[in-house]
Structures are given as structure tokens and as C-alpha cells.
Amino acid sequence: MSQFQLDILKKLDELNEINSTLTTFPNVKSQDVLSALNSLKAHSKLTYTKSDTIHYDLSKEGQDIIDNGSHEIKLVELINKLGKLQIK
């Protein structure tokens with residue numbers, strides 16, 4: 001059994017459950033984590049279910065739209081402010 005497999009078992013004993021291998025083992029490549037988990041599972045040391053998580057990061061433009069409205073809304077507000085076009 002590898003040292004990393006022992007680390008997984010110790011952490012599992014400590015936490016009772018590992019919800020995210022990315023946060024629990026941030027310095028280990030995901031493929032290495034999966035290999036260790038599969039080996040432990042094959043030897044009936046643990047069971048696990050895999051779930052994928054997708055993280056979305058808001059761009060500067062997206063944050064600006066949230067804070068100030070879309071480009072289209074800004075244009076409509078400017079036109080209404082200037083009084084040159086009426087939108088019904």
C-alpha cells in the first residue's frame with residue numbers, strides 16, 4: 001500500500017467522509033487520486049461515488065453587467081435620458 005493510500009485512509013478516518021478530493025488533497029493530481037481510490041476500492045478498503053463539480057468564474061464584463069446593466073440597457077437608458085427616442 002502506498003503512502004498516499006494510507007493518507008487517504010487516515011483522512012477518511014479523521015473526517016468520516018471526504019466530500020472533495022480537490023480540497024482535501026490539493027497538491028495531488030486528480031489522476032493519482034483516482035488511481036489510489038480505485039486500488040483501495042479493489043482491495044475492499046473503501047467504497048466511493050464520483051461526482052463532477054463545475055465551477056464558473058464571472059468575467060469582468062459579466063460583473064459589469066450585473067453591477068450596471070447590459071450594454072443594450074445602457075443604450076436604451078441613454079436614449080430615454082436624451083429624449084430623442086421613445087420606446088413603447
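**A walk from the pocket to the helices**

Helix α3 gives the lining of the largest pocket its largest share, 4 residues. Before we go on, note that this is a predicted model, in which local features need pLDDT of at least 70 and side-chain atom pairs count only at pLDDT 80 or more, while totals for linings use all residues. Residues are numbered from 1 along each chain, and side-chain values use heavy atoms, without hydrogens and water.

The largest pocket holds about 740 Å³ of space. A pocket here is an open set of points on a 1 Å grid where a 1.4 Å probe fits, with protein on both sides within 12 Å along at least five of seven lines; lining residues have an atom within 4 Å of a point. There are 22 such residues, and N19, T21, T49, K50 and S51 are the closest to the centre. At least two lining residues come from each of α1 (3–15), α2 (21–24) and α3 (30–42); helices are DSSP runs (H or I) of at least four residues.

Now look at how α1 meets α3: their axes, lines fitted to C-alpha atoms over the stretch in contact, come within 10 Å and cross at roughly 75 degrees. The two helices are therefore roughly perpendicular, a label for angles of 65 to 115 degrees. From α1, the contact (heavy atoms within 4.5 Å) takes in F4, Q5, I8 and L9, and from α3 it takes in D32, V33, A36, L37, S39 and L40.

Finally, α5 is followed by G83, whose phi is positive, near 70 degrees.

Key. Points joined across faces, edges and corners; volume = space filled by probe spheres on them. Axes fitted to C-alpha atoms, helices over the stretch in contact; angles between N-to-C directions. Parallel < 35°, antiparallel > 145°, perpendicular 65-115°, else oblique.
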